Protein chains: 4
Amino acid sequence: MVHTRGSSRRGTDRDRAGGMVQWGFTNANAPERGYALIRAGIVGGTGYTGVELLRLLAMHGDVEVALITSRAEAGMRVDELFPSLRGHCDLAFEAPDDARLAACDLVFFATPNAVAMHSARDLLAKGVRVIDLSADFRLQDQAVWEAWYGTEHVAPDLIHEAVYGLPEINRSGIRGAQLVANPGCYATAIQLGFLPLIEAGVVDPSHLVADGKSGASGGGRQAKTPMLLGEAGESFKTYAASGHRHGPEIEQGLRLMNPDLPVQVTFVPHLIPMVRGIEATLYAQLTDTTTDLQALYESRFRDEPFVDVMPWGAHPETRSVRGENTCRMALHQQPGQSTIIVSSVIDNLVKGAAGQAIQNMNLMFGFEEGAGLQAPALLP
Amino acid sequence: MVHTRGSSRRGTDRDRAGGMVQWGFTNANAPERGYALIRAGIVGGTGYTGVELLRLLAMHGDVEVALITSRAEAGMRVDELFPSLRGHCDLAFEAPDDARLAACDLVFFATPNAVAMHSARDLLAKGVRVIDLSADFRLQDQAVWEAWYGTEHVAPDLIHEAVYGLPEINRSGIRGAQLVANPGCYATAIQLGFLPLIEAGVVDPSHLVADGKSGASGGGRQAKTPMLLGEAGESFKTYAASGHRHGPEIEQGLRLMNPDLPVQVTFVPHLIPMVRGIEATLYAQLTDTTTDLQALYESRFRDEPFVDVMPWGAHPETRSVRGENTCRMALHQQPGQSTIIVSSVIDNLVKGAAGQAIQNMNLMFGFEEGAGLQAPALLP
Amino acid sequence: MVHTRGSSRRGTDRDRAGGMVQWGFTNANAPERGYALIRAGIVGGTGYTGVELLRLLAMHGDVEVALITSRAEAGMRVDELFPSLRGHCDLAFEAPDDARLAACDLVFFATPNAVAMHSARDLLAKGVRVIDLSADFRLQDQAVWEAWYGTEHVAPDLIHEAVYGLPEINRSGIRGAQLVANPGCYATAIQLGFLPLIEAGVVDPSHLVADGKSGASGGGRQAKTPMLLGEAGESFKTYAASGHRHGPEIEQGLRLMNPDLPVQVTFVPHLIPMVRGIEATLYAQLTDTTTDLQALYESRFRDEPFVDVMPWGAHPETRSVRGENTCRMALHQQPGQSTIIVSSVIDNLVKGAAGQAIQNMNLMFGFEEGAGLQAPALLP
Amino acid sequence: MVHTRGSSRRGTDRDRAGGMVQWGFTNANAPERGYALIRAGIVGGTGYTGVELLRLLAMHGDVEVALITSRAEAGMRVDELFPSLRGHCDLAFEAPDDARLAACDLVFFATPNAVAMHSARDLLAKGVRVIDLSADFRLQDQAVWEAWYGTEHVAPDLIHEAVYGLPEINRSGIRGAQLVANPGCYATAIQLGFLPLIEAGVVDPSHLVADGKSGASGGGRQAKTPMLLGEAGESFKTYAASGHRHGPEIEQGLRLMNPDLPVQVTFVPHLIPMVRGIEATLYAQLTDTTTDLQALYESRFRDEPFVDVMPWGAHPETRSVRGENTCRMALHQQPGQSTIIVSSVIDNLVKGAAGQAIQNMNLMFGFEEGAGLQAPALLP
């Protein structure tokens, strides 16, 4: 919920130094609503998905953020780390506490990989629903997960309980889920871009190419030399070109769409010298050239609130979805060629992370699917 | 108002090519509200202030955008030029039409300088209120205006009718205004930063320095070689260092705050290789060193919903206000020096343009001052 | 040649306003050299390829820039438009003059497309050699050229006289050429990246994919709204995805390498929010999986001074060639896949334009191939 | 020296994995020169000043880089860390070794602060000249140094032996120096910008303002969260506004220029979302309004090879000195004001660090002052 700025916030910065008070978003509308807000907790809130969850939840009328945890920053006000939240969030980070988390209706894990798998079981057992924004429950094949993430999975049984949180292919599953594995950012843009082609079975599934590009926020907020502005600024490059963790996730997703197709995707990610946004250019060989592909895409996504098919031949820009939960795409074909080209853009922190998590939350709790996700993108 | 995405929007891009229909934002809440939305028109909507007005008004529950004009792009859908508005705005640009504008409650001029002064009188005569986001009515001294803007002013009498739209010094005047001159972007950041010092009279007013820096969107959407990414990217420079139009506007504003002070401001603007944001670093010599300056600032802005004073010694970032209507500032002093330093940041398109215009509209029409302006900034 | 800064340059800016003197780079080394410098002219010097030619020729010991033309800026000092050349270039732009150009040994056309084809014949007839950095003589098929460039070709016979200036496939032809068609920037990066695969015939030539990305300087210095920093900054997108002029050029080049292969390339360009640099990621299906591809590439380019094959699995960065004439590349394959991936980077203004033109000049005039092109890239 | 690319470099990447060979730049010209190259060592070569020294020394005909040290990266080839040096540098980092350093004619310290002071004495004792690019010997007042750098100075006597390496005020001292303290980047741009005003004594020295802005490479190559592209990209802010280490260095430099003036400088640094470049805007109150300031500046710098005074009212761009050793500046005054405004730009890694170090080396060893520093800036 938006905490309306009031005089109480002003002039208090010095006072705060004395004794830190923690409280959630105020619930000014509750009396009018006639029903209670759900209480959400965020584990691992000092990264980009954490602050983005807070930004978006501040515009959501049905959720109270009850707590946000960080071992490293416990005690620090959230808006001291993220001054964009001054006036919007009065919380301080607190050390993880099982009892306090268990008192939530929903816990978001905005943690690094291999954290949520340690805590999810206990929360689920206490009836707390969980949305994991990390990769712990994305891959259904434990061996594949362990190979790509380099560690043993400590909750392999939960893998199969988890619902893959891509509403466009799993909406009903998400509605009833206790544990949602929020998809990876590249995986979201690429799976949605291929979706109608795969479902319709009109392309050669064995040589799919996905050339992905991401802004630097996709690399997280942790200090790493290659992600410095001095290193990644004013330059462009591939990374993980010999294999990236989202590769198996993408292939798994495409197989969900059409189990009969032996899909193989060559996925190469690139780092763009900017902060937010993913663009993926997809290439596939058409095996059926009679289909009206534009109609296929428009028809498939007609009822999807967060997929936008532009006119044939358009060029989606990442800025057109900056801050918004939309995946926007357009189709191209070049003269005399049987290759279909799809350009798909998302904001990696919104439809690629926090926004999709909130969309999933809305489905899980019966809110309107677009609640809290209505603000237009920031362009320019 | 936000036009909720529905299935009706999907798959229609081809149909649109046939017959363009124009209509405003739908008014889904009107029955519940029990009162009508105001009807707003935007003149000159193809620039950055135009698209930013549309973005912000899409989140405003009390306003219907009835029309948006552009001579050059008449007939083109707004969301074709600005795809970030797909699903949020069903309007097309139309040629300016006096009768249609006169049917509005309010008209925003998001035009280049020297356009609004030609049309404002007629609209005002018909009872339409006007907010001019250009510079036509900002300077009270006609001769100064004509010297800086290089043309004759065709409506000099309206200059004195116009209210300077900086709510923090002019709130009551704005409430009753028919014609508001929305302040310049630099002028907003710099006037607010100096405000408590000038009102309190604690600095030498004759040698004020304002070092301003702006992102490229401040230069508008018109094609100019120096504003190309290839020219302005990955570089930094001064411009208009021998005198900029906002200089006299700043001095006029400071004189309004304290008519007795002979203020003189040296203002040098710079171009930052980024899109949005203004930072101004202000320098003044203290004549009274006994005042608690932090308390002075916090007290002065305690009740201001859109000014945020950070703790002493903080470093405001432009990204902390990206997309938000806030002016955020902090104070510094260096050891052994009598110079007070103020760093003040705004989003040049929000508090520096469209957001402040909506704040002014809220005051003029009796809405809550923060209506439509509650979404947190986009960080990172 | 480098014009050494001396006292004569200082303090003269005011004097210059009076009478503009034009003179070429001084030739301080000539007495020691025992042979004359060649005289080069540049037609159309106000764009990025023009200024880049001047930057690189300033480091070349065998060439004197005799004149540089611009109809629009005639009379303006070159270093007034490009202050980076202050102290390096004492020329002013002059209107094109046939006699003065005919007195050169070599003329570079750094003009928009469809200009050089009007002037080249006369210069060639007078024994002046010509390097055209535009597209006028790149395509051997006149009809294809006219279809892509939208105008009639006025010198179709010269198309066949022109030598395509990619030294790595055409070195001996360039040595004897009077007219060189300097390759396009994308075409250079992509042709070099595919070269060993095509020559060796180890891939399926019918479904080649080239995903190209370029900095904004590739779009030139002319004012266009989509290339504004405010538009193209902090965003990423495809453009010309349904077909780009470099597509047929790339296919023509690949056919030169191996006339028997029915090559078809799907090429999609993208705009990166930065100034300089091209990265192309190439995808091809291997038909022969026994070849040691790393050895193939290293062997093919072993004697190429301006192609650098990195170790298998490396990730070339555009900044690693910023300002340098090198094309740097690396190979990748993903587990279990028959797709070979090549990432190839160049500086679009150097190996993609002015640097390659100088490399061609060096070949044409018998200079060392790397003369003037030895400075390392600017990293960071 | 430039190591000319030859076939020997190609195809060797795999071989290198076996046995790493270390050797310096080859000395192809030595026979012609008739005198030996000097041997230079670089201590701490993995940062930006280290790689920039290598880039510039590759273009210098009189210096052989004999070794480059890094404790952390010992054994790694330099061009593996910095691929821009592939083909230009065949060295590998080695652990610091006293004997090997003592065999050099000159050692550059490109280390963090508080490293060089531990090693300089031994090297000097062995006749090795030292240029310290860190801050260890910049401040003549030990107590001030210790206060700002937070540690005890272990070689206080060397402070007074060290010559402050700003050639424009210290050229003869540098010529005879054994130990040069290379100035800070901001300090260079700001001292040079104020120099003529201070020497001439025409401004009020007690209220000087220096508003400095730097690209991110000024923050070094060490991983720090605030310097991530995701944090510092597309944003602008002050830092260290309550006092920065270059403040006392600037004041000390100005006092050297005119010991009678009680100078006090308010210096506020800012972080620009770009990689290279510093701009400083300087403000001073004129006490003598009769001086022709443009003439004063042009006259003062007429014989300076690396200071360029632009015409009155020009706007220096940081890109105009990107990669070049020049400090470029211009003057402004606003109507009716007694404030003189100077905008001064440098490349923080060249005139602000490695380039100035080489300029100092040239002076110390009797080379031409501009040797190795002649390449024009990279624009765009």
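What area is buried between chain D and chain B, and what percentage of it do carbon and sulfur atoms give?

Guide: The model is a predicted one, and the values below are computed from it. The area buried between chain D and chain B is about 4,000 Å². Carbon and sulfur atoms give 48% of that area. On the side of chain D, the residues that lose the most area to chain B are D:Glu234, D:Phe236 and D:Tyr283, and together they account for 15% of what that side buries.

The number of residues in the contact is 51 from chain D and 51 from chain B.

A salt bridge joins B:Arg319 to D:Glu231, with 2.8 Å between the closest N and O atoms. Polar contacts across the interface of chain D and chain B come to 40 residue pairs, counted with both residues at pLDDT 80 or more.

As to secondary structure, six elements of chain D can be listed, each supplying at least two residues of the side that touches chain B: β7 (208–214), α11 (229–232), β8 (237–238), β9 (265–271), β10 (278–285) and β13 (339–346). The element that gives the most to this side is β9(D), with 5 residues. By class, the residues on the side of chain D that touches chain B comprise 18 nonpolar, 22 polar and 11 charged.

The contact of chain A with chain C may be set beside this one. A rotation of 180 degrees with 0.0 Å of shift along its axis superposes chain A on chain C, at an RMSD of 0.0 Å. These two copies are thus related as by a two-fold rotation axis. Chain A and chain C meet through the same surface, because 100% of the interface residues of chain A are also interface residues in chain C. Here 51 residues of chain A and 51 residues of chain C take part, and the two chains bury about 4,000 Å² between them, with 48% of it on carbon and sulfur atoms.

Across the interface of chain A and chain C there are 4 salt bridges. In one salt bridge, the side chain of A:Lys213 meets that of C:Asp211 at 3.2 Å, N to O. The count of residue pairs in polar contact between chain A and chain C is 40, both residues being at pLDDT 80 or more. Elements that give two or more residues to the side of chain A touching chain C include β7 (208–214) and α11 (229–232) of chain A. The most comes from β9(A), which gives 5 residues to that side. The side of chain A that touches chain C has 18 nonpolar, 22 polar and 11 charged residues.

Definitions and conventions: Residues are numbered from 1 along each chain as its sequence is written. Chains are lettered from A and ligands numbered from 1 in the order in which they are written. This is a predicted model: local features need pLDDT of at least 70, side-chain atom pairs count only at pLDDT 80 or more; totals for chains, interfaces and linings use all residues. Side-chain values use heavy atoms; hydrogens and water are left out. Copies are superposed by least squares on the C-alpha atoms of residues with pLDDT of at least 70 in both. Contact means heavy atoms within 4.5 Å. Buried area is the accessible area (1.4 Å probe) that two parts lose on being put together, summed over both. A polar contact is a pair of N or O atoms within 3.5 Å; within protein, one must be able to donate a hydrogen and the other to accept it, and residues adjacent in sequence count only if both atoms are side-chain atoms. Helices (H or I, at least four residues) and strands (E, at least two) are DSSP runs, numbered from the N terminus. Ala, Val, Leu, Ile, Met, Phe, Trp, Tyr, Cys and Pro count as nonpolar, Asp, Glu, Lys and Arg as charged, and the others, Gly among them, as polar.
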